[in-house]
Structure formats: structure tokens, C-alpha cells
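I list what I looked up and what I found.

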Amino acid sequence: MATLDEAKRWLPLEANPEVLNQLLWGLGLSLDQAECCDVFGLDEELLEMVPKPVLSVLFLYPLTAKSEEERLQQDKEKKDYSSKVYFMKQTVGNACGTIGLLHALGNLTSEVKFAEGSFFDKFFKSTASMDPMQRAVFLENSREMEVAHSVAATAGDTLASDNVDTHFICFSCVDGELYELDGRKSGPISHGPCSPSTLLRDATKVIQSMIQKNPDSFNFNVIALSKKSTGWH
């Protein structure tokens, strides 16, 4: 994000389900498959209101000296993760919202359908066997994604500015484990056992602990990518 010194920078995406859905549907996620929804709070009652089943969880949080210190510490610890996890690095400034969505979808290619020949269809087929850095470069060179991101970034309610200090990450359940997927980290971080039915609650526990580390900030946002009930059998 803003603290990275990347050569290429995009405008940041607003943490707004409408904006994210516009991007998802415009790039090939079928309308009847899934959509982003606000998670209005992390207590039991409000979690119950989130449309189920939840396929992945996006979390926007403030970048602070403390979160950066923690990231550098985590990067020193080499962690193994399941080869089934789709993970990519972030090399474009402010691209974390888009990368969060790509992490969500990349780990759901057997769950959701993309329109034949669409950006997502081609992107995930092309990058399936790449390593995280090759995927990052592939994205960086994608004019189609850059244009789509730019259109979505200017569609929000707030004035787009590239000077931001917040960051999107994604939580996905892969192979029975909850993974935190953050393109600024060296790899996925496992947060223990998880199942598709407990994904929202499992991610909430991790999110709550991250929020507690920044008690003075209100710059948090949680968005669920939920399966559309019409497409669920």
C-alpha cells in the first residue's frame, strides 16, 4: 500500500460492496454466483445477518508502525502452507483491494463460475501454475485489470486519493485451514483449522485480535463474499 515504494500505483478501492461487486461482475464473475456484502459488526447478532454461505472475508485495516513491525517479524518466520492455496504478491501500490478479490476468487475456482473468455477466466487459467511473484507481474502488466480497477476506484462515494494508510487482506478457508492472504507478506499465514461453515466466525476471531491492537483507530471494514442463494444447490 502507501508505504510500499512500487513503481506503479493505482487509486485505492473504497471498502464498499457496490464498488467491489461492480468490479467482480464486470470482469467475469457470473451475477448469480456470489456478491460482496457488508459485515456491520462482529457480534453474534450482526454476524447472523450476513448472507450465507460465506466464501471468503475481506478486511480493511490501518497500516501502523505496529502492524508493519509485525509483518516484518512474520516474514522472517518461514511458514509452510498447502499447495492448494492460491497466493500472489503485491507489486502495485494501492492494488490491495483488487488483490484481495483475486485471492478470494483464486481459492474458489471450483466453487464459482466465470464467464467463458472473461478477464477472470483467462487470469486464473494463465496464472494457475505460476509462483506468487510471477502472478504479481502478470497482474501489473494487465491493462484490462488496471482500467477496470481505475473505473471502480472512481465509482465510490469518497474522493479517490492515492495517499492512503489502510490495507485490504483476504481470509479464505483452504484444505481445512483458515488462511490470511496479504500480498505484502512473504506468504499465506495459517490461523488454524477452519471449515466453510465456520469461515466467517473463524475470520472474525482473527480480525477482532487485529482490531484490539489498534484501539485508537476506527479505520476498519469487514466485507463478506457470499454465495448467491439462487445459485446454491
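**Entry 1. Two helices**

In which hand does H5 pass H6, right or left? I looked up the crossing and found that H5 passes H6 in a right-handed one. I note here that the model is predicted.

Two packed helices are described by the angle between their axes and the distance between the axes. On the H5 side, I found the contact made by Phe-123, Ser-126 and Thr-127. On the H6 side, Arg-135, Phe-138 and Leu-139 make the contact. I sorted these residues by class and got three nonpolar, two polar and one charged.

**Entry 2. The largest pocket**

I went to the open space next. The largest pocket holds about 390 Å³ of space. I counted 21 residues in its lining, and the closest to the centre are Leu-55, Leu-108, Glu-111, Cys-173 and Pro-196. H8 gives the most, with three residues. By class, I have ten nonpolar, six polar and five charged residues in the pocket lining.

**Entry 3. Cys-173**

Cys-173 is among the residues closest to the pocket centre, and its place is in strand E5. What does Cys-173 touch, not counting residues up to four places away in sequence? I found Cys-194, Ser-195, Pro-196 and Leu-199. Pro-196 is also among the residues closest to the centre of the largest pocket. I also looked up Cys-173 against Ser-229, which is 56 residues away along the chain; their C-alpha atoms are separated by 19 Å.

**Entry 4. The cavity**

Rolling a probe the size of a water molecule over the atoms shows where empty space is left. I asked how many cavities of 30 Å³ or more the structure holds. The search gave one, and the volume of the largest cavity is about 30 Å³. Its lining is made of Leu-23, Leu-24, Thr-98, Leu-101, Leu-102, Phe-120 and Met-145. Helix H1 (17-26) and helix H4 (96-106) each give two or more residues to the lining. H4 has the largest share, three residues. I classed the cavity lining as six nonpolar, one polar and no charged residues.

**Entry 5. Salt bridges**

I searched the whole structure for salt bridges and found eight. I wrote down one of them, in which the side chains of Glu-44 and Arg-201 meet at 2.3 Å, N to O. Why does this pair tie together parts that are 157 residues apart in sequence? Glu-44 lies in helix H2 (residues 44-48) and Arg-201 in helix H8, so the bridge links those parts. H8 is also the helix that gives the most residues to the lining of the largest pocket.

**Entry 6. Backbone exceptions**

Most residues other than glycine have a negative phi, and most peptide bonds are trans. I looked for departures from this and wrote down two. The peptide bond from Lys-52 to Pro-53 is cis, with omega near -5°. I placed Pro-53 in the loop between H2 and E3. Asn-94 is not a glycine, yet its phi is positive, at about 65°. I placed Asn-94 in the loop between strand E4 (92-93) and H4.

Technical notes:
Residues numbered from 1 in each chain as written. Predicted model: local features only at pLDDT ≥ 70, side-chain atom pairs only at ≥ 80, totals over all residues. Heavy atoms only, no water. 1 Å grid on protein atoms, 1.4 Å probe; cavity = no way out; pocket = protein on both sides within 12 Å on 5 of 7 lines; lining within 4 Å. Points joined across faces, edges and corners; volume = space filled by probe spheres on them. Helix = DSSP H or I, 4+ residues; strand = E, 2+ residues; numbered from the N terminus. Nonpolar A, V, L, I, M, F, W, Y, C, P; charged D, E, K, R; others polar. Left-handed = near helix turned anticlockwise from the far one by under 90°. Contact = heavy atoms within 4.5 Å. Salt bridge = Lys/Arg side-chain N within 4 Å of Asp/Glu carboxyl O.
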